[in-house]
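Biologist: I am new to this structure and would like to go through it slowly, one question at a time. Could you set out the terms as we need them?

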Amino acid sequence: MSLLLGAIILFMFRRAAKSATAGTPSGLQNFCEWSIEFIDSSVRGSFSGKNKMLGPLALTIFFWVFSMNLMDLLPIDYTSF
């Protein structure tokens, strides 16, 4: 189930990247930009050093935890087939 959630998140971000516009962004693009800016500001606020691996790692962990918690909103009968 966690691999399926990871694939869904990757598909959503890829779709948002392909349909990105400079003018008026779509709702999915707004969500992706908001989440990246949120993680970036959180990492910069708590870590003052320079590390190129920390940002992508924080983004991955955030969406991993977010998707796992979002999955808990589904009734258990739908996920146990």
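Modeller: Let us begin with contact, which means heavy atoms within 4.5 Å. This is a predicted model, in which local features need pLDDT of at least 70 and side-chain atom pairs count only at pLDDT 80 or more, while totals for chains, interfaces and linings use all residues. Residues are numbered from 1 along each chain as its sequence is written, and side-chain values use heavy atoms, with hydrogens and water left out.

Biologist: Leaving aside its neighbours within four places in sequence, with which residues is Phe 62 in contact?

Modeller: Phe 62 is found in helix H3, where helices (H or I, at least four residues) and strands (E, at least two) are DSSP runs, numbered from the N terminus. Once the neighbours within four places in sequence are set aside, the residues in contact with Phe 62 are Ser 35, Phe 38 and Ile 39.

Biologist: Is Phe 62 buried, partly exposed or exposed?

Modeller: Buried means under 20% relative accessible area, exposed over 50%, and partly exposed in between (1.4 Å probe, protein chains only). Because its relative accessible area is 23%, Phe 62 counts as partly exposed.

Biologist: Which residues of H1 are exposed?

Modeller: Helix H1 covers residues 2-18 and reaches 24 Å from its first C-alpha to its last, close to the 24 Å expected at 1.5 Å a residue, the expected span being 1.5 Å times one less than the number of residues. Its buried residues are Leu 5, Ile 9, Phe 13 and Ala 16. Seen down the axis of H1, these buried residues fall within an arc of 70 degrees, so they line one face of the helix, the arc being that of the directions from the helix axis to the C-beta atoms. On the other side of H1, the exposed residues are Leu 3, Leu 10, Phe 11, Arg 14, Arg 15 and Lys 18.

Biologist: What is the handedness of the crossing of H1 and H3?

Modeller: H1 and H3 pack at an angle of about 115 degrees, with their axes 10 Å apart; axes are lines fitted to C-alpha atoms, for helices over the stretch in contact, and angles run from 0 to 180 degrees between N-to-C directions. A crossing is left-handed if the near helix is turned anticlockwise from the far one by less than a right angle, and right-handed if clockwise. For H1 and H3, the crossing is right-handed.

Biologist: By class, how many nonpolar, polar and charged residues does the contact of H1 with H3 have?

Modeller: The contact is made by Ser 2, Leu 5, Ile 9 and Phe 13 of H1, together with Phe 63, Trp 64, Ser 67, Met 68 and Met 71 of H3. Ala, Val, Leu, Ile, Met, Phe, Trp, Tyr, Cys and Pro count as nonpolar, Asp, Glu, Lys and Arg as charged, and the others, Gly among them, as polar. By class, the contact of H1 with H3 has 7 nonpolar, 2 polar and no charged residues.

Biologist: What covers the buried residues of H2?

Modeller: In H2, the buried residues are Gln 29, Cys 32, Ser 35, Ile 39 and Val 43. They fall within an arc of 135 degrees, seen down the axis of H2, so they line one face of the helix, whereas the face turned away from that buried side carries the exposed residues Gly 27, Glu 37, Arg 44 and Gly 45. What covers the buried residues of H2 includes H1 and H3.

Biologist: What is the relative accessible area of Gln 29?

Modeller: Gln 29 lies in helix H2 and, leaving aside its neighbours within four places in sequence, is in contact with Ala 16, Ser 19, Ala 20 and Thr 21. Gln 29 is buried, because its relative accessible area is 6%.
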